[in-house]
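Me: I have a structure open and I am new to it. Could you show me how to read its features, one at a time?

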Amino acid sequence: MSIFPTKESYRKAWDEAYTQDPPVPLNLDIELASTCNAACPFCLYGDRDWNQSMLEPDWDGGKKRRLMPKEMAFQLIDEAARLGIPAIKFNFRGESLLHKDYGDIVEYARGKIHDPEGWARFGSVAGGRAGEYKFYDLIANTNGNAPEANWDSAIRGLMACTKVAISLDSLIPETYAKVRPKLSLESACRTIDELVRRGHPDLWVRRVVCKSNKDEPFVAEARARWPNGVRVSEHAAFDRSHYAREELTGEDHLTWERTYCGYPSQRIVLEASGRYVPCCIAWSGEFDAGTWPGLSLKDYWASEWRRNLAQELRAGGVKNDKCQNCTSFLAYKRPERAFVQDVEAKA
């Protein structure tokens with residue numbers, strides 16, 4: 001039997017993780033691609049210093065910019081299912097639609113979902129037997145710009161996800177080009193159109209709010225463009241680039257008042273190289289948290305290192321220097337905290 005017998009029980013555990021550790025991580029972020037086809041100004045891929053650091057060898061001597069091997073992704077999905085992790089998100093720093101095997105990987109995970117019959121109408125269910133269905137959520141956060149060679153695989157994978165969120169940011173071509181450099185608005189809209197046509201049950205279009213797009217009627221335009229089958233949310237952008245602070249809040253986050261951060265009590269993040277990361281904001285190997293498969297998902301979650309970090313943050317103090325420079329709104333008492341998760345826009 002699953003540790004979380006219902007989806008509601010797993011979501012309740014997500015909220016309770018702010019005061020106590022759940023028995024298993026509630027989400028596994030698998031970085032299928034540590035590379036991106038964009039250079040958004042508020043993102044690390046728009047930070048020239050960070051991009052320069054990505055030219056250095058990774059911990060295992062391989063390239064930092066890489067795709068996770070397909071078999072490695074399969075093994076992680078199997079291990080997560082056995083452990084009882086209720087959700088997987090198929091990205092971390094990069095754009096996962098660049099992975100040529102994206103469709104095969106996500107469909108493999110869908111074969112272990114709690115409601116295979118309900119998803120069968122969206123395509124064949126791969127692998128798994130009745131007692132092995134573990135996952136409640138398979139999540140995609142994407143810019144929607146799949147290479148033409150990966151188009152079919154990308155659409156298959158997105159249709160296999162229980163939730164898809166596409167960061168669009170603007171429907172005005174000139175603004176989109178500023179907020180999403182190197183990307184195509186036409187390509188992103190094509191992806192959304194296809195998912196709507198195929199009847200995806202939980203499709204979101206997002207705006208990351210910054211100075212370039214904050215005065216546009218994005219919500220109304222998105223709803224007019226897709227009157228059915230799409231939900232619209234707006235997000236406060238994290239300051240992930242040294243060169244974008246003025247484009248975002250114009251403030252120094254080191255002056256903000258801290259609050260408890262739940263990331264290390266809620267999720268595990270795995271880079272494409274297999275390195276563990278305690279949260280989805282630690283972008284550059286700040287933590288020496290171990291590597292997979294030498295350290296299993298179960299052993300990482302039970303590790304003294306991870307438990308001590310969660311306890312430190314839960315106590316309200318930030319003793320380690322790695323968390324001192326965190327740019328996540330969820331680590332501070334900020335109004336932007338309400339604009340980080342998907343909440344349907346009211347405009």
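This is a predicted model: local features need pLDDT of at least 70, side-chain atom pairs count only at pLDDT 80 or more; totals for chains, interfaces and linings use all residues.

Me: Where is the place of Asn 91, and is Asn 91 buried or exposed?

Reply: Asn 91 sits in the loop between E2 and helix H4 (102-110). For burial, look at the relative accessible area: under 20% counts as buried. Asn 91 has 7%, so it is buried.

Me: Now the strands. What order do they have in the open sheet?

Reply: Strands of a sheet pair through backbone hydrogen bonds, either parallel or antiparallel. Here eight strands form an open sheet in the order E6-E5-E4-E3-E2-E1-E7-E8, and the pairing is mixed. Strand E6 (231-236) and strand E8 (276-277) are at the edges. Each has a single partner strand, so one side of each lacks a neighbour in the sheet.

Me: How many bridges join E2 to E3?

Reply: Three bridges join strand E2 (residues 87-89) to strand E3 (residues 137-142), and the two run parallel.

Me: Which strand does E1 pair with over four bridges?

Reply: That is strand E7 (residues 267-270), in the parallel sense. Asn 27 stands opposite Arg 267 in E7.

Me: Which residues lie on the two faces of E1?

Reply: In a regular strand the side chains alternate between the two faces of the sheet. In strand E1 (residues 27-30), Asn 27 and Asp 29 are on one side, with Leu 28 and Ile 30 on the other. All four are buried, and both faces are covered.

Me: What lies across strand E5 and E6?

Reply: Helix H9 (residues 218-225) lies across strand E5 (203-209) and E6. The helix runs at about 155° to E6.

Me: How many of the nine residues of H4 are buried?

Reply: An α-helix has 3.6 residues a turn, so residues three or four places apart point the same way. In H4, seven of the nine residues are buried, so the helix is largely enclosed by the rest of the structure. Tyr 102, Gly 103, Ile 105, Val 106, Glu 107, Ala 109 and Arg 110 are the buried ones.

Me: Which residues have the most contacts inside the largest nonpolar core?

Reply: They are Ile 88, Phe 90, Tyr 102, Leu 168 and Leu 297, in a core of 102 residues. Helix H3 (residues 70-83) gives the largest share of this core, eight residues. Not counting residues up to four places away in sequence, its contacts include Leu 28, Leu 76, Ile 268 and Trp 292.

Me: What kind of peptide bond joins Trp 292 and Pro 293?

Reply: Check omega. For this bond omega is about 10°, and the bond is cis. Pro 293 is in the loop between E8 and helix H11 (297-302).

Me: What about phi? What value does Asp 169 have?

Reply: Its phi is near 75°, a positive value in a residue other than glycine. Asp 169 lies in the loop between strand E4 (163-167) and helix H7 (173-179). Asp 169 counts as buried, at 0% relative accessibility. Lys 182 has a positive phi too, about 80°, and is not a glycine. Lys 182 is in the loop between H7 and helix H8 (185-197). At 70% relative accessibility, Lys 182 counts as exposed.

Me: Last, the whole chain. What does its secondary structure come to?

Reply: The protein chain has 13 helices and eight strands. Of its 347 residues, 57% are buried. Among contacts between residues at least 6 apart in sequence, 74% join residues at least 24 apart.

Definitions and conventions. Residues are numbered from 1 along each chain as its sequence is written. Side-chain values use heavy atoms; hydrogens and water are left out. Two strands pair if DSSP finds at least two bridges between them. Contact means heavy atoms within 4.5 Å. Axes are lines fitted to C-alpha atoms, for helices over the stretch in contact, and angles run from 0 to 180 degrees between N-to-C directions. Buried means under 20% relative accessible area, exposed over 50%, partly exposed in between (1.4 Å probe, protein chains only). A nonpolar core is a set of buried Ala, Val, Leu, Ile, Met, Phe, Trp, Tyr and Cys residues joined through side-chain atoms within 4.5 Å.
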